[in-house]
Amino acid sequence: MGQGILLSADNLDFMIHGVFSYTLFGQTVWFTTSHVCILIVFLVMIGFFIAARITMKHATEVPGTFQNIVELIVEMLDNMIGNTMGQWAPRFRNYIGTIFIFILLSNISGLFGLRPPTADYGTTFALGIITFTLIHYNKFKHQKVKGVIRGLCDPWPIWAPINIIGDFAVPVSLSLRLFANVLSGLVMTTLIYGLLGKIALIWPAALHVYFDLFSGAIQTYVFCMLTMTYVSDACTTE
């Protein structure tokens with residue numbers, strides 16, 4: 001765990017490192033610290049989901065602490081998605097809820113000494129590509145080819161190249177916004193610890209609260225809100 005997976009006093013490094021490599025079709029493929037951190041986040045999510053499933057399967061009329069937490073999370077996500085996507089909310093509730101929890105846990109993983117997976121552009125760009133695919137799949141499904149072409153030529157056909165560039169800029173802007181904010185927070189806190197050394201014992205916790213918790217939650221909300229807005233627009237036929 002010493003190759004940039006955990007950030008400690010003796011390992012103040014925000015770079016991505018290779019953990020081990022293997023050969024696939026003659027090419028060397030590296031398993032990096034980002035993959036390890038993503039795997040840890042996935043395991044935490046799976047453990048939480050299994051525990052939530054068991055708890056809700058045996059839910060009581062007077063809920064306990066964990067049941068209250070699960071119900072609060074589900075209600076919060078349902079309200080957020082329903083208020084934004086309207087009639088399309090039931091169809092995309094699972095996807096939006098999953099990426100919300102994944103991005104939030106990834107962003108706040110720095111509180112537990114991990115290198116946030118979202119500080120790797122490979123992670124955020126993959127999320128952007130998934131959203132981009134979802135947007136255009138629903139565009140062609142609901143608006144058909146004729147509606148898509150009409151949208152590209154709005155307000156005049158001469159604007160078609162600009163609209164195409166705008167469409168392809170969506171995953172780039174989504175991924176860069178999330179990546180840059182998380183990475184900047186990681187760099188700032190790492191530099192503080194590196195410059196102050198053992199003096200930085202308690203007060204930098206305020207930086208973690210802002211960069212990892214507050215900013216991480218804001219960036220999670222922004223990414224999901226933009227995704228919901230783009231997908232809802234793609235599903236609109238008028």
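With which residue does aspartate 78 form a salt bridge? In this predicted model, the partner of aspartate 78 is arginine 93, and the closest N and O atoms of the two side chains are 2.7 Å apart. The pair links distant parts of the chain, with aspartate 78 placed in helix H2 and arginine 93 in helix H3, 15 residues apart. Aspartate 78 is partly exposed, its relative accessible area being 28%. Arginine 93 also counts as partly exposed, at 32% relative accessibility. These values fall in the partly exposed class because that class lies between the limits of 20% for buried and 50% for exposed residues.

The count of salt bridges comes to two. Besides the contact of aspartate 78 with arginine 93, a salt bridge is formed by aspartate 167 and lysine 139, with a separation of 3.8 Å between the closest N and O atoms. Aspartate 167 belongs to helix H6 and lysine 139 to helix H4, so this pair ties together parts that are 28 residues apart in sequence. Both aspartate 167 and lysine 139 are buried, whereas aspartate 78 is partly exposed and arginine 93 is partly exposed.

The overall organisation of the chain is considered next. The protein chain comprises seven helices and two strands. Read from the N terminus, the order of elements is β-β-α-α-α-α-α-α-α. Of the 238 residues in the protein chain, 36% are buried. Among contacts with a separation of 6 or more, 64% are accounted for by residues 24 or more positions apart.

Strand S1 spans residues 18-24 and strand S2 spans residues 27-32; the two strands run antiparallel and are joined by six bridges. Leucine 24 has glutamine 27 in S2 as its bridge partner. The two strands form a hairpin with two residues between them, and phenylalanine 25 in the turn adopts a positive phi of about 55°. A positive phi, about 60°, is also found at lysine 144, although this residue is not a glycine. Lysine 144 lies in helix H5, which covers residues 144-152.

The largest nonpolar core contains 31 residues, of which Met80, Met85 and Ile96 touch the most other members. At least two residues of this core are supplied by each of helices H1 (33-57), H2 (65-85), H3 (89-108), H4 (121-142), H6 (160-196) and H7 (205-235). The greatest contribution comes from H3, which gives eight residues. With neighbours within four places in sequence left aside, isoleucine 96 is in contact with Met80, Ile81, Met85, Cys224, Thr227 and Met228. Two of these contact partners of isoleucine 96, Met80 and Met85, are themselves among the core residues that touch the most other members.

Nonpolar side chains also occur at the surface. Leu39, Phe42, Leu43, Ile46, Ile50 and Ile54 form a nonpolar patch there, and together these residues have about 570 Å² of accessible area. Isoleucine 54, one of the patch residues, is placed in helix H1. The relative accessible area of isoleucine 54 is 48%, so this residue is classed as partly exposed.

Valine 187 is found in helix H6 and is partly exposed, with a relative accessible area of 21%. The C-alpha atoms of valine 187 and methionine 15 are 9.5 Å apart, while the two residues are 172 positions apart in sequence. Serine 215 is located in helix H7 and is buried, with a relative accessible area of 11%. Serine 215 and glycine 185 are 30 residues apart in sequence, and the distance between their C-alpha atoms is 8.5 Å. Valine 187, at 21%, and serine 215, at 11%, are assigned to separate classes because buried means under 20% relative accessible area.

Technical notes
Residues are numbered from 1 along each chain as its sequence is written. This is a predicted model: local features need pLDDT of at least 70, side-chain atom pairs count only at pLDDT 80 or more; totals for chains, interfaces and linings use all residues. Side-chain values use heavy atoms; hydrogens and water are left out. A nonpolar core is a set of buried Ala, Val, Leu, Ile, Met, Phe, Trp, Tyr and Cys residues joined through side-chain atoms within 4.5 Å. Buried means under 20% relative accessible area, exposed over 50%, partly exposed in between (1.4 Å probe, protein chains only). Helices (H or I, at least four residues) and strands (E, at least two) are DSSP runs, numbered from the N terminus. Contact means heavy atoms within 4.5 Å. Patches are made of residues with over 30% relative accessible area and no salt bridge: like charges are joined within 9 Å, nonpolar side chains (Val, Leu, Ile, Met, Phe, Trp, Tyr) within 5 Å. Accessible areas come from the Shrake-Rupley method with a 1.4 Å probe; for residues, only the protein chains shown count as cover. A salt bridge is a side-chain nitrogen of Lys or Arg within 4 Å of a carboxyl oxygen of Asp or Glu. Two strands pair if DSSP finds at least two bridges between them.
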